[in-house]
Amino acid sequence: MFYKKNTQEVIKLLNSSLNGLSKEEAEERIKKYGYNELKEKEKSSVIKLFLETFKDPLVIILLIAALVQVFLGEVIESGIILAVVTLNAILSVVQSKKAEGSLDSLKKLSIPYTKVIRDNEKITISSRELVVGDIVLLEAGDYVPADGRVIESQSLKIVEGMITGESEPILKTEEEIPLDSPLGDQKNMVFSGSMVVYGRGIFIVTNTGMNTEVGKIADLLDNAEGKQTPLQQKLDEFSKKLGIGICLLSAMIFAVQVIRGGDLASSFMFAIAIAVAAIPEALSSIVTIVLAVGTNTMAKKQAIVRKLPAVETLGSTSVICTDKTGTLTQNKMTVVEVYTYENLSLADNVDGHEIAITRSSIQDRYLNLASILCNDSDVNNDGIEIGDPTEIALINYAALNKIDYKILRDKYIRIGEIPFDSDRKLMSTVNKVDDETIMFTKGAPDVIFSRCKYALSNGEVVEFDDEILREYKQINEDFSNQALRVLAFATKKVEDDFIPSIEDENELTLIGLMAMIDPPREEVYDAVKNAKNSGIKTIMITGDHKTTAMAIAKDIGIMESDDLALTGAELDELSDSKLDKILEKVSVYARVSPENKIRIVRAWQRKDKVCAMTGDGVNDAPALKQADIGIGMGSGTEVAKDSSDMVLMDDNFATIVKAVESGRTIYDNIKKSITYLFSGNLGGIIAIVFALFANLPNPFTTIQLLFINLVTDSLPAIALGLEKPEKGVMNMPVRDSKESILDKETLKTIGIRGSIIGIVTIIAQYIGMKSSPELGCAMAFLTLTLSRILQTFPSRSNTQTALKLGFNTNKYALGAVGVCLVMLFTTLLPFMRGIFAIPVSFGLDSFVICAVLALISSLMMEVVKLIKIK
């Protein structure tokens, strides 16, 4: 607890001195303690990722089928199955490694070099080479490269939001703190990753690398649970159930065939045909491709997806836990209110109006001068703002009023100053203004009021009486109730040879007040409203003060009249059971710790809610990993981004809501693709089972089924994954996270469409059997394939017919159908007929019958849809 010790004790404990370490001692400490860097997690090997893809029950069934076919001498069919499984595995590994490496550049330290004292000389070294005991120099614009104890502070202010969640700069001091204090109140300590915005300072390094607060928080990531997305859970669950069903059905088919006297080889082929027909071999690839396309869509909306399933997870999100600063707000203090006292009488209505304007302009001029000259912030040539955010807000306000602060500072030079002090809560400068020497003072309103003897009123100096004081206090209170930060400004004429001291900050003339806030983003209002209409609860979790957080939350619609707000300390006092009781009424959490954030996320997950969490700081990283979907900020820290499923490049809450719409659309489209695939597969199974019990030949060869599943089904399924959003997608209630991907309505649709396809396929085989068994099987194959291809059009929407939807609204679907038809026609070429078991007797008349039956199947699906809609 270095913050409890004085500077001499700390230096002694760390075996250092104000002259710094020697080069030799620094090298020894690097050998002993390691470099000042965060350790990168071990990545999964390519081989491990590849082997993990074979855990899927459906893949195991296909491998068994391939193995059986090898023993039966069907080497080509076996090779095709193995090639498909291997291709899917490779695609999965590529996507995993892509997601793993997409943000590697963000792991680099953002603080490349640091100014230190070594061997009693000021030098610049790589931050990586910092060691405990180093003496580090800081000034405005620097990032703190390691944790340390302040040993000298000259108005040193540091923004520690990424560590503590506190959005305001903290004034640092070298004085020891005797009491136990949380991180945010350790004002004599600096923490790695934070930024100096004002003043200068010197600190001694107390911790580096993984021993810093950044490193400790990163360690929490190992204890946070990585969550499967709803889609992953549903597909895994579905794969297991489907795998069991296929095994049972195949075993039953095999047993029936053997009992009826069939030989083992043909019985096995029937069973394998059922397995191949039932398994959508390209499903995982199709889902991956649809999600990958979704990532491109998201990227155009400023959201970079690191993990593919995260695109869909957003669609099932029911709770969004969001940071305030920079996400809901602009992360830029802005002057929104200005007040100067004017006591105009009614008699001034006519001629006095111009006088009032002239007098008012005097007060405005003095207020502008005070806010610009009594101010140390600056904007460099690259447009980078340097200094305290409050002071930057003042010069930005001047710019808004067409005032160039640099011209005024050059014209009215500073000849003296009294720096800001946290005890006085004041800052003063002395400037030469025209022919006068004037002291400008700014600070906390209550302090300024107590130091004023006069006030500007209507442009004239008057006594600062009780009436004016009451007016100012009331205005200050009104501003504070709106969670505005208020500064008061005063002035005083002094002698030319005046040397300012603290005692001179008295008998001032009050000029006026300026009130500022980090305002909400304009688009956030509609985004919060849209989220609410979609059944999504938005919760603000911030390191800021409770009053400020509540004011912003009420303004943008997150917090309603009967909602609650809790601080981190109040949250700590609640048991899990008590928190669960009030959880749904709490809309704001303020002054929270990393542990608080994880606890909030877990509380929602206990209620089976899909929880999204935004964050930019290292302190957010554990909760980002714990959440169902972690959303990092583009301007945030490397650790936060590395823990996220998605990164918002514009740090904008509105982008999250747009992403939710994309997620819902992608999930709907994946369901359309799955419905399409399984409807066709069911049709094939019905035809095979019918042939078995009707004592007909197996209508399909393994190659035919693989051709259908891999070639003619894949492109339409992908095209369905690219459909535009259905109308009212954001007005639909949030889906239950426990809902199966094949819910009752979807299963019903699959059953109806599959039965229709199966029936027309059976009819085709029956018609062809009148000529020969070979023709019957060929017509069954062509009819099944055509029916599944044309099924693309009724599958495009669950609420509109293909005619109403328009064939040109998804050109990918038209293209997919066209390509599939061409590929189907290639099976009829003379040199391909032998491979696909198409006899010479299959001619144009046979094809017309198959095409008519396929068209009838699609029309029947549309009729069923019309009946459902009505």
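Student: Leaving aside its neighbours within four places in sequence, which residues is Asn669 in contact with?

Tutor: Asn669 is in contact with Leu720, Gly721, Leu722 and Glu723, where contact means heavy atoms within 4.5 Å. Before we go on: this is a predicted model, so local features need pLDDT of at least 70 and side-chain atom pairs count only at pLDDT 80 or more, while totals for chains, interfaces and linings use all residues. Residues are numbered from 1 along each chain as its sequence is written, and side-chain values use heavy atoms, with hydrogens and water left out.

Student: What makes Asn669 count as buried?

Tutor: Buried means under 20% relative accessible area, exposed over 50%, and partly exposed in between (1.4 Å probe, protein chains only). Asn669 has 2% relative accessibility, so Asn669 counts as buried. Asn669 sits in helix α24, residues 653–693. Helices here are DSSP runs of H or I with at least four residues, strands are runs of E with at least two, and both are numbered from the N terminus.

Student: How far is the backbone oxygen of Glu723 from a polar atom of the side chain of Asn669?

Tutor: The two atoms are 2.9 Å apart. A polar contact is a pair of N or O atoms within 3.5 Å; within protein, one must be able to donate a hydrogen and the other to accept it, and residues adjacent in sequence count only if both atoms are side-chain atoms.

Student: Why are α24 and α28 called roughly antiparallel?

Tutor: Helix α24 packs with helix α28 (residues 773–790) at about 160 degrees, their axes 10 Å apart. Axes are lines fitted to C-alpha atoms, for helices over the stretch in contact, and angles run from 0 to 180 degrees between N-to-C directions. Under 35 degrees counts as roughly parallel, over 145 as roughly antiparallel, 65 to 115 as roughly perpendicular and the rest as oblique. α24 and α28 are therefore roughly antiparallel to each other. On the α24 side the contact is made by Tyr676, Leu677, Gly680, Asn681, Gly683 and Gly684, and on the α28 side by Leu784, Arg788 and Ile789.

Student: How do those residues of the contact of α24 with α28 divide by class?

Tutor: They come to 4 nonpolar, 4 polar and 1 charged. Ala, Val, Leu, Ile, Met, Phe, Trp, Tyr, Cys and Pro count as nonpolar, Asp, Glu, Lys and Arg as charged, and the others, Gly among them, as polar.

Student: What about α25 and α30: at what angle do they pack?

Tutor: Helix α25 (residues 702–712) and helix α30 (residues 811–826) pack at about 155 degrees, with axes 11 Å apart. That makes α25 roughly antiparallel to α30. Phe707, Val711 and Thr712 of α25 meet Cys820, Met823 and Leu824 of α30, giving 5 nonpolar, 1 polar and no charged residues.

Student: Now the loops. Why is Ala837 called partly exposed, and what is Ala483?

Tutor: Ala837 has 36% relative accessibility, so Ala837 counts as partly exposed. Ala483, at 11%, counts as buried. Ala837 lies in the loop between α31 (830–833) and α32 (844–869), and Ala483 in the loop between α16 (466–481) and β18 (485–494). Phi is positive in each non-glycine residue: near 55 degrees for Ala837 and near 65 degrees for Ala483.

Student: How many of the 870 residues count as buried, as a percentage?

Tutor: That figure is 54%.
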